[in-house]
Amino acid sequence: MRSPRSLSLTSSVHEENETEPPVVVSTSGTESQENSPEPGPNLSPPIGEVSKRFKERYFSDTSNDQWNNWQWQSAHSITTWQELGYYFTLSEQEMMSAHMEKRLPMRITPYYASLIDPVNTLQPIRRTMIPVQDELLLSPEEKADPLGEENQSPVPQLVHRYPDRALFLTTGVCAAYCRYCTRSHMVSKKDKVHSSLVVWDAALKYISEHPEIRDVLLSGGDPLTMSDSRLEYLLSRLRQIPHVEIIRIGTKVPVVLPQRITEGLVGVLKKYHPLLMSIHFTHPDEITPEVAFACTRLADAGIPLGSQTVLLKGVNDEVEVYRKLAQQLLKIRVKPYYLYQCDPIPGSAHFRTPVSKGLEIIQGLRGFTSGYAIPHFVIDAPGGGGKIPLLPDYVAERNSEGYLLRNYEGKYFLYREPIDQF
Ligand code: SF4
């Protein structure tokens with residue numbers, strides 16, 4: 001069967017990037033390897049059973065090499081309702097949203113689309129990708145920029161909220177657009193975030209003039225949608241700033257476009273250690289052979305991997321679901337790092353859970369599985385207060401003797417404070 005994309009390509013990650021300034025040659029002299037073929041037979045990324053079935057049904061004349069090519073995946077992403085209706089049986093709720101003014105665009109890679117149930121509208125991954133009419137319902141607490149990032153931005157696309165670190169919004173492009181995105185007011189909007197070198201230079205200048213910044217988080221949008229050479233330009237410029245000790249990349253690409261994690265990309269990244277990566281995972285169904293391969297490749301390059309997960313109603317708000325995700329993440333060498341309360345962006349009420357849900361999940365993990373599998377549950381304080389951690393109440397009482405503590409089984413233990421004899 002031929003997909004509508006094989007007849008007409010209307011947009012792609014590349015087309016969006018074409019409006020940006022020309023790619024700058026790497027300062028290290030290394031040629032971009034983004035167009036290189038995938039590594040030899042033993043290192044070819046796998047195609048899992050689920051995506052294989054999807055590929056055979058909709059892209060039977062596409063070779064495995066094409067399917068495993070991230071540019072091919074980007075060029076064949078679903079971006080229109082016509083395409084969406086071709087792959088999935090759409091509900092009335094979903095169809096109704098086709099006519100609404102979108103706050104967020106739609107984009108789903110063929111690989112990630114293969115993980116979506118074609119009929120069941122309640123399937124978790126489907127809910128995070130396919131727009132529904134509920135996105136039109138606004139609540140008073142919702143804000144376009146819920147974290148107040150624009151007020152903490154000394155130069156465009158740089159947020160300096162915490163004392164020793166800065167957030168660098170490198171691009172507005174994502175490989176797939178999540179329906180609950182905190183930065184829905186800026187992703188994909190060229191007047192808000194773009195990869196212009198003029199903007200980047202101003203951000204780099206600010207970082208270089210602020211020696212207190214020792215940690216820079218590259219985010220967006222998704223930095224890994226950019227070419228290897230463009231990324232390398234940015235990484236090498238950051239590494240030229242002596243006080244930048246740590247570079248972090250926040251990305252969902254290894255989950256929605258694992259084909260992007262090529263040997264060429266990893267070869268670039270590992271030149272700029274210490275470099276850490278926070279990967280946006282949502283549900284255990286995302287842990288496929290393709291994703292395991294991509295994460296292994298990153299971990300083998302010495303990149304510490306952590307996960308960031310947004311707590312979402314009907315998607316991952318059950319203890320069993322999150323526990324399974326956390327345990328599977330550890331198996332592919334990703335440390336569950338943050339579990340976020342969903343930010344109140346416009347039209348997000350259908351995704352947001354009570355805060356007690358997050359506490360219930362942490363309580364259902366602590367003591368019941370390895371400590372490494374337990375993330376920090378945080379609320380990013382509305383208006384720009386930063387991440388505030390929340391814990392179930394394990395301190396039953398504090399008195400002159402010490403702390404009366406409650407363990408994971410609900411049993412109580414007294415911990416006596418040391419007597420100060422000195
Ligand atoms: S990948 Fe991140 S920045 Fe992009 S739409 Fe999803 S949450 Fe937003």
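Contact, as I use the word in these entries, means heavy atoms within 4.5 Å.

**Entry 1, overall.** I am working from a predicted model. I looked up the secondary structure and found 16 helices and 12 strands in the protein. Of its 422 residues, 55% are buried, and the protein exposes about 18500 Å², with carbon and sulfur atoms supplying 55% of that area. I then turned to contacts between residues at least 6 apart in sequence, and noted that 77% of them join residues at least 24 apart.

The largest nonpolar core holds 94 residues, among which F168 and F281 touch the most other members. I asked which helix gives the most to this core, and it is α10, residues 197-208, with six residues.

Two packed helices are described by the angle between their axes and the distance between the axes. For α10 and α11, the latter spanning residues 228-239, I read axes that come within 11 Å and cross at roughly 20°. Angles under 35 degrees count as roughly parallel, and α10 and α11 are therefore roughly parallel to each other. The crossing in which α10 passes α11 is right-handed. On the α10 side, I recorded L197, W200, D201, L204 and I207, which meet R230, Y233, L234, R237 and L238 in α11.

Key. Residues are numbered from 1 along each chain as its sequence is written. This is a predicted model: local features need pLDDT of at least 70, side-chain atom pairs count only at pLDDT 80 or more; totals for chains, interfaces and linings use all residues. Side-chain values use heavy atoms; hydrogens and water are left out. A nonpolar core is a set of buried Ala, Val, Leu, Ile, Met, Phe, Trp, Tyr and Cys residues joined through side-chain atoms within 4.5 Å. Buried means under 20% relative accessible area, exposed over 50%, partly exposed in between (1.4 Å probe, protein chains only). Helices (H or I, at least four residues) and strands (E, at least two) are DSSP runs, numbered from the N terminus. Accessible areas come from the Shrake-Rupley method with a 1.4 Å probe; for residues, only the protein chains shown count as cover. Axes are lines fitted to C-alpha atoms, for helices over the stretch in contact, and angles run from 0 to 180 degrees between N-to-C directions. Angles under 35 degrees count as roughly parallel, over 145 as roughly antiparallel, 65 to 115 as roughly perpendicular and the rest as oblique. A crossing is left-handed if the near helix is turned anticlockwise from the far one by less than a right angle, and right-handed if clockwise.
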